[in-house]
Amino acid sequence: MTGAFALAAHVERFRAARTPSELTVRFAEADDVLTPLEYRALGDLLAETLPEVLPHYRNRQVTKHVAAQAVQPYIRRELAPHVLKFTDPSVPDDRKTLLVAFTGLKPRLMLPNLVLLQILPARLFDLVICYDPGHDHFVAGTVDYADTFPDMVRRLNADLRPERYRRHVAIGTSMGGLPAIRYGVLGGVDEVVAIFAATPWHINRLKVGRPTEAFDPLCACMAGRAPSTLAVYSALNRTDSKVALWLGEHFGARLRPIPEVAEHNPLSAMWRDGTLA
């Protein structure tokens, strides 16, 4: 969905919400698919068609974030239901960095995608958001795009043509952190940023009959092929620290601990209280 049609569909979801909590969920869904330009236009549409929801829209921190600076001119291109590309097509690819992002439990990098799109200048970046609704660490690719992770890597590189860009970077949060490194190993990126990376529990998949790949690119035999990697983690979170230290030991990842933080996802709170640099 693009343009006015996408906005109208979201307005109908807001209209169908029966409780404030449900309305909050519907807005969070919009945060992760709309561009900043569409989100600003959403306010005008709400004023015309659903004015009772307008105060909720105006009081949201996302709305204040978008309004606080010039709106980034991204447009959205849907490569698949859960593979979204945000780009400014007026800027040549060779002037930009291609960011290929792998998310965790939600289709966002621990922050509303709208927030990231406002932080990242459209003249410098294209952002691709990949989400696995099965929460299988992209082992089976993602819906209506690829059936295995290697197929997903091939499909992404064929669709995105990263060789046209100035730089090619993979980024992943939580259960998307290790898939980002796998994509880096197989897809030929310049750098990987793994944020609060979480390990998969394949034994649970095998117990319920879900297949998993026998070969994992994150093995000692592939360590020499790993791209430059930055591992960001909460210093007081034992699980996240263990994964980051493992990445440092076996793949030479540079470690970036966030001091005195224990939460697995501190980014949202840091953004809300203004401490996210």
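This is a predicted model: local features need pLDDT of at least 70, side-chain atom pairs count only at pLDDT 80 or more; totals for chains, interfaces and linings use all residues.

**Stop 1: a parallel pair**

Select β3 (97–102) and strand β4 (residues 125–130): the two run parallel, joined by six bridges. Strands pair when DSSP finds at least two bridges between them. Helices (H or I, at least four residues) and strands (E, at least two) are DSSP runs, numbered from the N terminus.

Residues are numbered from 1 along each chain as its sequence is written, and side-chain values use heavy atoms, with hydrogens and water left out.

Now color β3 by accessibility. Six of its six residues are buried. Here buried means under 20% relative accessible area, exposed over 50%, and partly exposed in between (1.4 Å probe, protein chains only). Thr97, Leu99 and Ala101 cover one side; Leu98, Val100 and Phe102 are on the other, and all are buried.

**Stop 2: Lys96**

Step back to Lys96, in the loop between β2 (83–87) and β3. Is Lys96 buried or exposed? Lys96 is buried, because its relative accessible area is 0%. What does its side chain reach? The backbone oxygen of Val91 lies at 3.3 Å. The side chain of Asp126 makes a polar contact with that of Lys96 at 2.8 Å. A polar contact is a pair of N or O atoms within 3.5 Å; within protein, one must be able to donate a hydrogen and the other to accept it, and residues adjacent in sequence count only if both atoms are side-chain atoms.

Show the contacts of Lys96, leaving aside neighbours within four places in sequence: among them are Thr87, Asp88, Phe125, Tyr165 and Arg167. Contact means heavy atoms within 4.5 Å.

**Stop 3: two threonines**

Select Thr142, in the loop between β4 and α7 (149–160). Thr142 counts as buried because its relative accessibility is 4%. Its side chain reaches the backbone oxygen of Tyr131 at 2.6 Å. Beyond four places in sequence, the contacts of Thr142 include His82, Val83 and Met152.

Next, Thr63, in helix α5 (residues 61–67). Thr63 is buried too, at 11% relative accessible area. A polar atom of its side chain lies 2.5 Å from the backbone oxygen of Tyr57. Not counting residues up to four places away, Thr63 touches Tyr39, Tyr57 and Arg58.

**Stop 4: the cavity**

How many cavities of 30 Å³ or more does the structure hold? One. The largest cavity has a volume of about 40 Å³. A cavity is a set of points, on a 1 Å grid over the protein atoms alone, where a 1.4 Å probe fits but cannot get out; lining residues have an atom within 4 Å of a point.

Select β7 (228–234) and α10 (238–251); each supplies at least two lining residues. The largest share, four residues, comes from α10. Ala194, Phe196, Tyr233, Asp240 and Leu247 are among the lining.

**Last stop: the whole chain**

Zoom out. The protein chain has eleven helices and eight strands. Buried residues make up 53% of its 277 residues.

Technical notes: On a 1 Å grid over the protein atoms alone, a cavity is a set of points where a 1.4 Å probe fits but cannot get out, and a pocket is an open set with protein on both sides within 12 Å along at least five of seven lines; lining residues have an atom within 4 Å of a point. Grid points are joined across faces, edges and corners, and a volume is the space filled by probe spheres set on the points.
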